[in-house]
Each structure stands twice: as structure tokens, then as C-alpha cells.
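Subject: Handover of a structure and the findings so far

Dear colleague,

Please find below the structure that I am handing over to you. I would be grateful if you read the notes that follow with the model open beside them.

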Amino acid sequence: MSAEQAARTTEKGLQKPLDGHYFHRPDVFEREQRFLFRDSWLCAGHASEASQLGDYFTRTLGREPLLFVRTKSGIKGYFNVCRHRGTRLVADECGRAAKNFQCPYHAWTYSLNGSLIGAPRMKGAKGYDPEQLSLLEVPTQEWNGFVFFKLGAGGHHHVHEQLDDFPDISPYGCEDLVSTSRRIYQVSANWKLLCQNYGECYHCALVHPQLNDISNYLSGGDQESGECFVGGPMKLNRGYNTLNMTGNTERGNLPGIDAQLRRPADNRERDFERGVFFYNIYPNLLLSLHRDYVLSHTLWPTGPETTTIICDWLFHQDQVQQPDFEDRSEVEFWHLTNQQDWNICEQTHIGVRSSGYQPVTYHAGESCLAEFDRWYLETLCRTE
Ligand code: FES
Ligand SMILES: [Fe+2]
């Protein structure tokens, strides 16, 4: 426990929320960007976003523009920065490159593997060596079908080490899912408030009546936490079988869940049928596992007081190919829930940046937030 964290523990053992300055001060944001985000494996998105050779997608982390592209040897990541004079190479959110990327400024051209393969009238120029002018690579690795990347040299060498103690989610078969819908949100709130909001359902009865009708806000199960995650299950109320606008669907389970349910009840690790599992995978992935689909949110802080959130609805590729497949009800449900969450987080952001905010203590149902704060403070302090 860090000294700062110890000072936040009240006499009753409850932990005080973070002080307000953590949520708006530019110097805190800079420190997070330089240390916490650079030396963690971060989720770029789901691998199905770039399933064919040349498929690419772009992201922005703080002031770092990034490009991810499917090559013959898997998905590779690069700084989305031209080696000539630094222009952002690709502006589109996603697309398919026929063979290469051409800078829109002076037409320097790079292969999918990042090599500089063309630079008009540069041959013979002093100091020009195309061998030394490949796009700068950002290491990428896959974990359960999601693409992770790391900008800095610190932290774990492999994403599997960072998530070594994460529970087995293989029954959800995330690598066989595809994103069928996406919403991108610009939220005027610090990224940590969004993580903390995700980690508790104390707010659900008031903020999400449609969610509370299907999964009671007190139905949360045992908290699970590890070095780089916190989360746990919520239960569906009796009579409901998923989270969507009606709480029911004809859609079957994901194949791996079916396999689990064929096992004797006392031989199953989890209540896959009634449990919906929510995990905050530090620092930027929120993963919500339903028995028939998966929802992912990736967080992209754009400043101390603003965050871009990319939300994807992921279904099994076989289900998606069914002629009657549709995800409207699930999209409507979570889009509504998202908007309710972002709105309340924006209101919280306004409050916590005020000198009138004096943190006292968390509610017992907010233990995941205390755990998140532990990780956050330890990680930041480790870098001092
Ligand atoms: S900045 Fe890219 S080609 Fe000049
Ligand atoms: Fe919420």
C-alpha cells in the first residue's frame, strides 16, 4: 500500500475517493500519459476490425496518433507519423489499403510493413537513407481476440504477463467474435471517473431504470481483482436471459458457454446463464461479458477533462451470418445506458474539480473503485 493510499484509509477501513485534483490538473494528466499509459499494454480494439490484409484502423492516445494494420504477419502498429516532416499519415478512422500508405503532403510512401518504398526526388539527397526511414513501430500483441499495444519500454514484456491473473474467459470465445455495431462518444469527463462509474452499480437504480429492471443494482457478486483488473458479476433477475431492451432474446448462447452449461452444475466455475461479468482491465478496456454477446469500451483520454470512448458490440461470427441476425435491441439498450453514464460522469466531473469537493468515503458497494484507486496510485507512485 502506498503512503498516499494508506492516508486515504479511514478508521473503519473504508477508502476515501481520490482528491479532486487528480481529475483535472494538467500535470497529473501529463504524468499519467508519460508513465502510466506508456508502460502499460493498452487495448487498441478487436482484431476483427482488421481481418483482411491491408485493413487498418487509427487511434489517438493523448497526443500520439497511431495506426494499426493487418499485414501478412498479423496486426502491426505504428506511429501514424510520416518520417519526412511528421504529417499524420492516415486521417481515416479505418479502411483498407490496397498495398501501401501514401503521405498526403509530399507523397512519401510506406509498405504495410512500414518500410519507406517511395519518396519523390529524394534519391541522392544528403543524409537520406530509406532503410532508416521506416515508420516507427509500436509493438502489438493479441489477447483473447483483442489487440494490445505498448508505447514505452517499461512494464511487462508481454500482455499475457500483465493479465496473468485475469480469470479464464475462454468460454466466451472472444477471438471468434466480430463487431457488428460501434458508437464513438466524446465525453467531458476525466477517464478515471468513467472507469470508476463502470465499477459500481450503486448508481444503477436511479441512473439506469431500464437496466435495474433486468438486473437489480444489488445483485453484484464477489469482487474479483488482480494486478491489472477489477470486476465481477451482476445477476439477471428471474425471467430475463440477457441485457437488451426487453431483457430477453431468442439468440442462443455463445458456443463456449453452451459447452460449459453441458457440464454438471457443480462443475461450472461460474453462473454463465444468469451472470453478466464486468471487468475493468487497466488502464483502458472495459469488458462486459453476456452469455450471448460481448460489449467492449476502450477509453482514449484526450486531455485531463475529455475522453473519447469507443464502444463495440461483438457477436459470434456464425450468429452474425444468420439471415435473421440483428443487434438493434442490444445496441439500443447499451447506447441508452452509455448516454446515462456519460451524462452523470460529466456532472461528477464538474463537481470534483470544484474546491467545494471534499472526498469522505466510498460506499461498501464501491469496493471496486477503492481497488482501482489502489492500482492507480501504486502505478503512478512507482514511476516517481
Ligand atoms: S510530411 Fe509526409 S511526405 Fe512530407
Ligand atoms: Fe452506469
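In which sense do β17 and β18 pair, and over how many bridges? The two strands pair in the antiparallel sense, over 9 bridges.

Before the details, some conventions apply. This is a predicted model, in which local features need pLDDT of at least 70 and side-chain atom pairs count only at pLDDT 80 or more, while totals for chains, interfaces and linings use all residues. Residues are numbered from 1 along each chain as its sequence is written, chains are lettered from A and ligands numbered from 1 in the order in which they are written, and side-chain values use heavy atoms, with hydrogens and water left out.

Strands (E, at least two residues) and helices (H or I, at least four) are DSSP runs, numbered from the N terminus. Two strands are said to pair if DSSP finds at least two bridges between them. β17 and β18 form a hairpin with 2 residues between them, and one of their bridges links leucine 295 to tryptophan 313 in β18. Strand β12 (residues 177–187) also pairs with β18 in the antiparallel sense, over 10 bridges; isoleucine 184 has isoleucine 310 of β18 as its bridge partner.

A residue is buried under 20% relative accessible area, exposed over 50% and partly exposed in between (1.4 Å probe, protein chains only). Because 10 of the 11 residues of β18 are buried, this strand is largely enclosed by the rest of the structure.

The cavity

A cavity is a set of points on a 1 Å grid over the protein atoms alone where a 1.4 Å probe fits but cannot get out, whereas a pocket is an open set with protein on both sides within 12 Å along at least five of seven lines; lining residues have an atom within 4 Å of a point. Grid points are joined across faces, edges and corners, and a volume is the space filled by probe spheres set on the points.

The search of the whole structure finds 1 cavity of 30 Å³ or more, and the volume of the largest cavity is about 40 Å³. Its lining includes Cys43, His46, Arg59, Phe146, Ile310 and Asp312. β1 (42–46), β17 (294–303) and β18 (306–316) each supply at least two lining residues, with the largest share, 4 residues, coming from β1. By class, the lining has 4 nonpolar, 5 polar and 3 charged residues. Here Ala, Val, Leu, Ile, Met, Phe, Trp, Tyr, Cys and Pro count as nonpolar, Asp, Glu, Lys and Arg as charged, and the others, Gly among them, as polar.

The pockets

The largest pocket holds about 680 Å³ of space. Of the 42 residues that line this pocket, Tyr198, Gly199, Glu200, Cys201 and Met234 lie nearest its centre. Elements that each supply at least two of the lining residues include α4 (191–198), α9 (328–352) and α10. The lining comprises 21 nonpolar, 18 polar and 3 charged residues.

The second largest pocket holds about 400 Å³. It is lined by 17 residues, and nearest its centre lie Leu193, Glu200, Thr348, Glu366 and Leu369. The largest share of this lining, 4 residues, comes from α9.

Strand β15

Strand β15 (residues 275–281) is mostly covered, with 7 of its 7 residues buried. In a regular strand the side chains alternate between the two faces of the sheet. In β15, Gly275, Phe277, Tyr279 and Ile281 point one way, and Val276, Phe278 and Asn280 the other. β15 pairs with strand β14 (residues 229–235) in the antiparallel sense over 7 bridges, and glycine 232 has phenylalanine 278 as its partner. β15 is also joined by 5 bridges to strand β16 (residues 285–289), again antiparallel, and a hairpin of 3 residues connects these two strands.

The nonpolar core

A nonpolar core is a set of buried Ala, Val, Leu, Ile, Met, Phe, Trp, Tyr and Cys residues joined through side-chain atoms within 4.5 Å. The largest has 90 residues, of which Phe149, Tyr172, Leu243 and Tyr376 touch the most other members. Helix α10 (residues 367–382) gives the largest share of this core, 8 residues. Apart from this core lies another, of 18 residues, among them Val90, Ala97, Trp108 and Leu135.

Yours sincerely
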